[in-house]
Amino acid sequence: MKEIRWGFIGCGEVTEKKSGPAFSEVAGSSVVAVMSRSEQKARRYAENHHIGKWYTDAQELIDDSDVNAVYIATPPSSHATFAIMAMKAGKPVYIEKPLAANYEDCARINKISADTGVPCFVAYYRRYLPYFQRVKEFIDRGIIGKIINVQIRFAVPAPDLDYHSHNLPWRLQPDIAGGGFFYDLAPHQLDLLQHIFGVITEADGICANRGGLYLAEDSVSACFRFENGLPGSGSWCFVAHDSARADRVEVIGDKGQLSFSVFSYAPIELNTQEGCQRIEVPNPPYVQFPLIKAVIEHLQGLTICECTGISATPANWALDRILGKI
């Protein structure tokens with residue numbers, strides 16, 4: 001594939017702020033069509049971004065002969081349906097994370113990709129960001145020695161929308177999102193750690209709803225073990241007081257400690273016997289750009305992108321184990 005002509009299924013906030021413009025900034029790639037169930041939204045997005053076609057039906061976009069690759073930017077519950085439709089039509093897919101709303105749907109997507117030979121990529125873009133590549137470099141170089149333990153701590157106050165019990169955002173509706181905010185945010189953390197340390201092979205968790213704002217879990221504690229025997233743990237609270245706000249991963253080694261954030265990109269903190277360093281690493285304006293570039297160049301036969309459905313599935317397995325879904 002020399003020219004990648006994308007069709008977007010979904011045109012929400014993520015396509016505006018993180019991904020959409022990046023598809024047109026890579027040589028040999030362009031966006032030719034967009035789809036939303038809302039005619040007004042699809043038309044407005046197409047006009048605002050100078051996209052020639054818009055649809056309200058996903059199958060019509062997939063059947064468009066001008067479209068030869070599909071970006072799926074809808075809530076997780078529809079990922080499997082749209083991905084399978086596109087791959088059966090012979091069109092590679094790039095899917096927003098998590099790959100699906102449950103582990104079983106991930107397996108379905110991967111089977112169709114294997115059966116058809118059509119590539120499936122997943123938007124775990126943090127693997128490709130300079131900030132996290134620096135984190136991985138420190139660990140791989142043994143700067144903090146042998147890794148002993150990994151700990152995640154995440155806490156945020158509930159946003160105003162969470163108090164609208166009769167009109168909750170889709171991220172708090174488990175039948176659409178797979179769970180609550182944990183299923184939306186923790187995949188980035190777990191996928192990144194598996195990218196660095198290997199697949200999680202054991203996971204368990206305790207979930208609770210302490211705020212009473214919605215039915216989904218709002219507090220989660222988990223423990224897990226990577227394939228190399230490394231133990232890890234995590235705590236997530238989505239109804240915390242502002243004073244408890246936290247976004248931190250601590251990697252403890254026998255020669256030091258490395259701390260970093262996953263969402264705020266606060267300076268990386270490296271503590272060794274030589275002292276404490278704070279390292280700032282800027283990211284590109286559109287954070288998905290490095291991964292999207294890798295996906296496009298993979299389709300063009302120029303490189304290999306390993307952010308696939310297969311590599312993304314262990315994150316869903318860990319999520320479902322922690323939530324007691326499997």
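Mentor: A disulfide is a pair of cysteine sulfur atoms within 2.5 Å. A search of the whole structure finds 0 of them.

Trainee: What kind of model is this, and how are residues numbered?

Mentor: It is a predicted model: local features need pLDDT of at least 70, side-chain atom pairs count only at pLDDT 80 or more, and totals for chains, interfaces and linings use all residues. Residues are numbered from 1 along each chain as its sequence is written, and side-chain values use heavy atoms, with hydrogens and water left out.

Trainee: Is Cys 11 buried or exposed?

Mentor: Start with the scale. Buried means under 20% relative accessible area, exposed over 50%, and partly exposed in between (1.4 Å probe, protein chains only). Cys 11 has 6%, so it is buried. Cys 276 has 48%, so it is partly exposed. Cys 237, at 22%, also counts as partly exposed.

Trainee: Where does Cys 237 lie, and which residues does it touch?

Mentor: Helices (H or I, at least four residues) and strands (E, at least two) are DSSP runs, numbered from the N terminus. Cys 237 lies in strand E10, residues 231–237. Contact means heavy atoms within 4.5 Å. Leaving out residues up to four places away in sequence, Cys 237 touches Phe 154, Ala 155, Val 156, Asp 218 and Ser 219. Gly 198 is 39 residues from Cys 237 along the chain, and their C-alpha atoms are separated by 26 Å.

Trainee: How do I read the whole chain?

Mentor: Count elements, then check the dimensions. The chain has 10 helices and 14 strands. The radius of gyration is taken over C-alpha atoms, and the globule rule is 2.2 Å times the number of residues to the power 0.38. For 326 residues, a compact globule would come near 20 Å; the chain has 20 Å, which agrees. Along the principal axes, the C-alpha atoms fill a box of roughly 60 × 50 × 35 Å. Buried residues make up 53% of the 326. Take contacts between residues at least 6 apart in sequence: 68% join residues at least 24 apart.

Trainee: Which strands pair with E1?

Mentor: Two strands pair if DSSP finds at least two bridges between them. E1 is joined to E2 (residues 29–35) by 6 bridges, and the two run parallel. Trp 6 stands opposite Val 31 in E2. E1 also pairs with E4 in the parallel sense, over 4 bridges. There, Gly 7 stands opposite Val 70. In E1 (residues 4–9), 5 of the 6 residues are buried, so the strand is largely enclosed by the rest of the structure.

Trainee: What unit do E1, H1 and E2 make?

Mentor: A crossover is right-handed if, with the strands pointing away from the viewer, the path from the first strand over the helix to the second runs clockwise. E1, helix H1 (residues 13–19) and E2 make a right-handed β-α-β unit.

Trainee: Where does Asn 68 lie, and what does its side chain reach?

Mentor: Asn 68 lies in the loop between helix H3 (58–63) and strand E4 (69–72). Asn 68 is buried, at 15%. A polar atom of its side chain lies 2.9 Å from the backbone oxygen of Glu 3. The backbone nitrogen of Arg 5 lies 2.7 Å from a polar atom of that side chain.

Trainee: Which residues does Leu 299 touch?

Mentor: Leu 299 is found in helix H9, residues 289–299. At 9%, Leu 299 counts as buried. Beyond four places in sequence, Leu 299 touches Met 1, Ile 4, Trp 6, Pro 92, Pro 119 and Phe 121.

Methods. A polar contact is a pair of N or O atoms within 3.5 Å; within protein, one must be able to donate a hydrogen and the other to accept it, and residues adjacent in sequence count only if both atoms are side-chain atoms.
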